[in-house]
Amino acid sequence: MTELAGVTELLLSRIRDVPDYPKPGVMFKDITPLLADPAAFAALTETLSDLSVRHGATKIVGLEARGFILGAPVALRAGLGFIPVRKAGKLPGATLRQRYDLEYGSAEIEVHAEDLAAGDRVMVIDDVLATGGTAEAALRLIRRADAEIAGVAVLMELMSLDGRQRLQATLEGAALEALITV
């Protein structure tokens, strides 16, 4: 068994399926048992950190909210800066804002305007890639700040929701790494 396969097996063993949450017919993937297990959380952090370094990242962006939980220790482990991308209206000071469409309606995310600059290579970290809307908006924000995309790295990709397909054009050849696909 390869080292990555062993990590993937460990991570999968710590993710709990919660049927019919938040609504009937949905199988929610609960990562809180993984976060509560120091060995699993450390393995996840190490793997995402190694991916970030391998892709030449100079900064880590974490997407609200679970991307904060995963991205901050990854940045620390890799010796990189951490930048939170938040829901609109949550950051003080000058921000860049990006609107994106949801299934019903739209939403906005933002980042402090001074946190990213030309020359930065940014790895976006999140827990799940589902439809790809938030990640796509984050990539657009990063480029509006004149920074480059090193890639996107997620713990889990939900294949049935086609997020990878949605992100392909916006990635412009940057990496999309999912440790687990379901």
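What follows is a friendly conversation about a predicted model.

Colleague: Thanks! Where does Glu 110 sit, and is Glu 110 buried or exposed?
Modeller: Glu 110 belongs to strand 6, residues 106–112. Helices (H or I, at least four residues) and strands (E, at least two) are DSSP runs, numbered from the N terminus. Buried means under 20% relative accessible area, exposed over 50%, and partly exposed in between, using a 1.4 Å probe and protein chains only. Because its relative accessibility is 2%, Glu 110 counts as buried.

Colleague: Which side chain makes a polar contact with the side chain of Glu 110?
Modeller: A polar contact is a pair of N or O atoms within 3.5 Å; within protein, one must be able to donate a hydrogen and the other to accept it, and residues adjacent in sequence count only if both atoms are side-chain atoms. A polar atom of the Glu 110 side chain lies 3.5 Å from the backbone nitrogen of Leu 91. The side-chain partner, at 3.0 Å, is Arg 97.

Colleague: Now to the helices: how do helix 1 and helix 3 lie relative to each other?
Modeller: Helix 1 (residues 3–13) and helix 3 (residues 38–54) pack at an angle of about 135°, with their axes 10 Å apart. Here axes are lines fitted to C-alpha atoms, for helices over the stretch in contact, and angles run from 0 to 180 degrees between N-to-C directions. Angles under 35 degrees count as roughly parallel, over 145 as roughly antiparallel, 65 to 115 as roughly perpendicular and the rest as oblique. Helix 1 and helix 3 are therefore oblique.

Colleague: How do the residues of the contact of helix 1 with helix 3 divide?
Modeller: Contact means heavy atoms within 4.5 Å, and this one is made by Leu 4, Val 7, Leu 10 and Leu 11 of helix 1 with Ala 39, Ala 40, Ala 43, Leu 44 and Thr 47 of helix 3. Ala, Val, Leu, Ile, Met, Phe, Trp, Tyr, Cys and Pro count as nonpolar, Asp, Glu, Lys and Arg as charged, and the others, Gly among them, as polar. The division for helix 1 with helix 3 is eight nonpolar, one polar and no charged.

Colleague: Of which hand is the crossing of helix 3 and helix 4, left-handed or right-handed?
Modeller: The axes of helix 3 and helix 4 (residues 66–78) come within 8 Å and cross at roughly 65°. A crossing is left-handed if the near helix is turned anticlockwise from the far one by less than a right angle, and right-handed if clockwise. Helix 3 passes helix 4 in a crossing that is right-handed.

Colleague: And how does helix 5 lie relative to helix 6?
Modeller: Helix 5 (residues 133–144) and helix 6 (residues 163–171) have axes 9 Å apart and pack at an angle of about 10°. That makes the two helices roughly parallel.

Colleague: Which residues of helix 6 make the contact with helix 5?
Modeller: Helix 5 brings Gly 133, Ala 135, Glu 136, Leu 139, Arg 140 and Arg 143. By class, the residues of this contact divide into four nonpolar, two polar and four charged. From helix 6 come Arg 166, Leu 167, Thr 170 and Leu 171.

Colleague: What is omega for the cis peptide bond that joins Glu 64 and Ala 65?
Modeller: Ala 65 lies in the loop between strand 3 (59–63) and helix 4. A cis bond also runs from Tyr 21 to Pro 22, with omega near 5°. For Glu 64 and Ala 65, omega is about -5°.

Colleague: Last one: is Glu 172 buried or exposed?
Modeller: Glu 172 is in the loop between helix 6 and strand 9 and has a positive phi of about 50° although it is not a glycine. With 62% relative accessibility, Glu 172 counts as exposed.

Notes
Residues are numbered from 1 along each chain as its sequence is written. This is a predicted model: local features need pLDDT of at least 70, side-chain atom pairs count only at pLDDT 80 or more; totals for chains, interfaces and linings use all residues. Side-chain values use heavy atoms; hydrogens and water are left out.
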